[in-house]
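Welcome! Here are a few exercises to work through with the sequence and the 3D view side by side. Try each task before reading its solution.

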Amino acid sequence: MQDRSRSSRTILITGCSSGIGLCTALGLKARGYRVFASARKTEDVALLRAKGLETVQLDLACSASIHAAFEEVLQLADGKLYALFNNGAFGQPGAVEDLSREVLRAQFETNVFGTHELTRLVIPVMRCQGEGRILQNSSVLGFAAMPWRGAYNASKFALEGLTDTLRMELAGSGIHVCLIEPGPILSEFRANAYDLYKRNIDAEASVHRERYRAMEARLEKKGQATPFTAGPEAVLKRVIHALESRRPKARYYVTFPTYLFAVLKRLLSTRTLDAILRRID
């Protein structure tokens with residue numbers, strides 16, 4: 001039987017077209033939450049609706065879309081929102097010196113600025129309720145930088161800085177702020193990243209063109225491209241804890257690589273850690 005306490009709790013999730021967002025939306029709905037699953041494309045919204053989810057169209061790169069989606073959710077939910085899971089993001093591959101200002105800005109518009117704008121909208125609602133949960137989907141790349149991922153590294157480092165500060169500023173408000181930090185997860189993330197790489201990086205004109213070959217092979221590979229890749233259910237498990245624990249953690253590591261690099265970052269010198277991370281394509 002559905003848990004009434006969960007059925008009265010609404011959650012808005014961004015980036016639900018596939019992978020972590022879709023798995024989390026379906027998993028929380030099955031658990032009894034009222035889920036508003038959002039996606040950027042009209043066709044993805046239709047697919048989510050066909051799966052029985054309440055949906056809104058939300059493009060994190062567009063302020064008008066963010067505000068319209070937020071107002072629609074509030075209207076449907078009678079002005080209440082228990083939780084926000086900021087999952088929507090993408091990864092722009094490429095060496096830092098090959099990233100144009102426009103490409104780097106686009107990465108931040110979605111991964112940082114749009115996420116921040118939506119977060120600011122939900123805080124007053126949660127303050128009035130006296131409770132709320134804000135979950136930020138970061139990454140192992142939010143604290144351990146790896147080559148050829150500079151735009152994504154930078155956006156997730158920025159998200160973690162904002163989140164750590166927000167968590168301290170909201171202490172005592174009843175609003176808990178948590179970081180989810182996955183390592184490799186089975187999703188469409190690599191395929192989408194490969195499309196962006198081909199669109200925005202001139203590999204043949206780059207001094208890194210030989211190294212790009214290995215990166216291309218990884219992005220093109222189907223299934224698990226790296227060891228210890230987990231399914232999106234691993235993230236769902238942490239999200240449930242963050243939503244339901246009386247004292248949720250500030251950080252939730254997901255997959256072995258995240259635990260490993262967190263330990264190595266504490267134990268090793270920057271020089272030694274750099275030498276290890278440089279070997280990763």
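**Exercise 1.** Leaving aside its neighbours within four places in sequence, which residues is Thr 110 in contact with?

*Solution.* Some ground rules come first. This is a predicted model, where local features need pLDDT of at least 70 and side-chain atom pairs count only at pLDDT 80 or more, while totals for chains, interfaces and linings use all residues. Residues are numbered from 1 along each chain as its sequence is written, and side-chain values use heavy atoms, with hydrogens and water left out.

Step 1: Look for contacts, meaning heavy atoms within 4.5 Å. Thr 110 touches Leu 60, Ala 61, Gly 88, Ala 89, Phe 90 and Thr 115.
Step 2: Check burial, where buried means under 20% relative accessible area, exposed over 50% and partly exposed in between (1.4 Å probe, protein chains only). Thr 110 counts as buried because its relative accessibility is 12%.

**Exercise 2.** Describe how helix α5 meets helix α6.

*Solution.* Step 1: Take the axes, which are lines fitted to C-alpha atoms, for helices over the stretch in contact; angles run from 0 to 180 degrees between N-to-C directions. The axes of α5 (residues 101-129) and α6 (residues 150-169) come within 8 Å and cross at roughly 20°.
Step 1: Name the arrangement. Angles under 35 degrees count as roughly parallel, over 145 as roughly antiparallel, 65 to 115 as roughly perpendicular and the rest as oblique. So α5 is roughly parallel to α6.
Step 2: Sort the contact residues by class: there are 11 nonpolar, 6 polar and 1 charged. Here Ala, Val, Leu, Ile, Met, Phe, Trp, Tyr, Cys and Pro count as nonpolar, Asp, Glu, Lys and Arg as charged, and the others, Gly among them, as polar.

**Exercise 3.** Now do likewise for helices α2 and α9.

*Solution.* Step 1: The axes of α2 (residues 19-31) and α9 (residues 233-244) come within 9 Å, crossing at roughly 50°. Therefore α2 is oblique to α9.
Step 1: List the partners. Ile 20, Cys 23 and Leu 28 are among the α2 residues in this contact, and the α9 side includes Val 235, Leu 236 and Ile 240.
Step 2: By class, the contact of α2 with α9 holds 8 nonpolar, 2 polar and 3 charged residues.

**Exercise 4.** Which strands stand at the edges of the sheet?

*Solution.* Step 1: Write down the order. The open sheet has 7 strands, β3-β2-β1-β4-β5-β6-β7, with parallel pairing; two strands pair if DSSP finds at least two bridges between them.
Step 1: β3 (54-57) and β7 (251-254) are the edge strands: each has a single partner strand, so one side of each is left without a neighbour in the sheet.
Step 2: From one strand to the next, the twist averages 20°.

**Exercise 5.** Where does Trp 148 lie, and is Trp 148 buried or exposed?

*Solution.* Step 1: Trp 148 sits in the loop between β5 and α6.
Step 1: With 11% relative accessibility, Trp 148 counts as buried.
Step 2: Check the backbone. Most residues other than glycine have a negative phi. Trp 148, not a glycine, has a positive phi of about 70°.
Step 3: Repeat for Thr 255, in the loop between β7 and α10. Thr 255 has a positive phi of about 85° and is buried, with a relative accessible area of 9%.

Note on methods. Helices (H or I, at least four residues) and strands (E, at least two) are DSSP runs, numbered from the N terminus.
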